[in-house]
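Dear colleague,

Please find the structure below, handed over for your records. My findings follow it.

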Amino acid sequence: CGEDSGGDGNGGGGDGYVIGFSQVGAESAWRTANSKSVQDAAAADDRITELKFDDGQQDQEKQIAAVRSFINQAVDAIVIAPVVETGWTDVLTEASDAGIPVVLADRGVEAADEDLYVTRLGSDFEAEGRSAGEWAATTFATTPDFKILELTGTTGSAPANDRKAGFFAVLDEKGVAYTLVDSQTGNFTAEEGKATMETFITTHGLDGIQLLYAHNDEMGLGAIQAIEESGKAPGTDIQIIIVDGSKAGFQAGVDGKVNYIVECNPAFGEQLMDVVVDVIEGGSPEKFTPVEEGVFGPDQFEAELPNRQF
Ligand code: GYE
């Protein structure tokens with residue numbers, strides 16, 4: 001690891017590893033907590049001289065430019081949280097040609113690129129979707145005309161694709177009769193979640209719709225505002241599932257505005273440092289390392305709220 005990039009190195013300048021991290025953006029409380037977890041873990045780790053952090057602002061081109069710059073700087077390893085699943089083959093090949101190992105953090109890439117990274121550390125998004133689906137299937141088992149609205153995450157992102165797939169797979173497996181009234185993206189942000197929910201309300205109204213499935217907390221919280229502004233009661237007139245489990249999400253649960261929370265744990269910084277150092281030193285971990293998480297219904301919101309870290 002030859003180069004000392006003059007950063008905030010705690011290794012005395014160049015005697016530890018230099019890592020480049022291309023982060024998705026800062027779209028959610030989850031993401032902010034994840035960036036902090038990774039940055040704190042790198043700073044506290046004597047094996048790491050510097051973590052070069054780049055905020056991709058939810059823009060794949062920015063992320064690709066950051067990865068190319070990490071390759072030019074000959075970092076020891078590159079960590080990418082890819083905003084979407086496709087479009088990575090060229091830059092991953094460039095990293096591979098330069099002999100720089102790539103670890104994916106959080107989100108994944110399409111299966112065709114599997115040989116171009118060493119491992120992915122993150123959540124099992126399909127399992128998260130399935131948990132949401134299990135709850136919905138049980139809760140609305142006897143609802144005669146079960147109608148669903150879905151606020152999907154960033155189009156083409158692994159969590160949006162897999163949270164959708166897992167959810168509907170369970171409903172189909174269990175033979176639940178439902179209508180997906182509408183499914184549109186809210187790009188994982190509160191602002192866009194609210195705007196998309198307003199469009200749903202204008203287009204379909206909310207009468208007779210039992211469930212809103214939001215792929216993350218922020219979109220669910222934005223939707224809650226839109227529902228309230230339309231004169232309806234979120235959590236009662238329409239039940240709501242969110243994914244992440246931030247403080248704000250649990251507070252909405254305590255307030256009766258959210259009915260089910262699937263946890264997604266962003267605090268894997270230390271685990272990521274262990275994986276990255278192992279990979280730099282020649283280890284070959286499993287292709288996927290899951291982060292541990294749980295699910296929460298109304299009777300657990302209040303007790304769990306103080307435990308929330310983000
Ligand atoms: O659920 C959402 C964030 O990729 C798992 O990204 C992550 C998702 C998370 O914007 O809040």
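Six strands make up an open sheet of mixed pairing, ordered 7-6-8-9-10-12; strands here are DSSP E runs of at least two residues, and helices H or I runs of at least four, numbered from the N terminus, and two strands pair if DSSP finds at least two bridges between them. Strand 7 and strand 12 (295-296) are the edges, each with a single partner strand, so one side of each has no neighbour in the sheet. Strand 6 and strand 7 run parallel, joined by seven bridges, and Leu151 has Gln184 in strand 7 as its bridge partner.

This is a predicted model, in which local features need pLDDT of at least 70 and side-chain atom pairs count only at pLDDT 80 or more, while totals for chains, interfaces and linings use all residues. Residues are numbered from 1 along each chain as its sequence is written.

In helix 5 (residues 158-173), the buried residues (20 or more other C-beta atoms within 10 Å of their own, C-beta atoms being placed from the backbone) include Phe167, Phe168 and Leu171. The buried residues of helix 5 pack against helix 4 (125-139) and strands 6, 7, 8 and 9, contact meaning C-beta atoms, placed from the backbone, within 7 Å. Gly175, with a positive phi near 70 degrees, follows helix 5.

Yours sincerely

Key: The expected span of a helix is 1.5 Å times one less than its number of residues. A residue is buried if 20 or more other C-beta atoms lie within 10 Å of its own, exposed if 12 or fewer, and partly exposed in between; C-beta atoms are placed from the backbone. Two residues are in contact if their C-beta atoms, placed from the backbone, lie within 7 Å.
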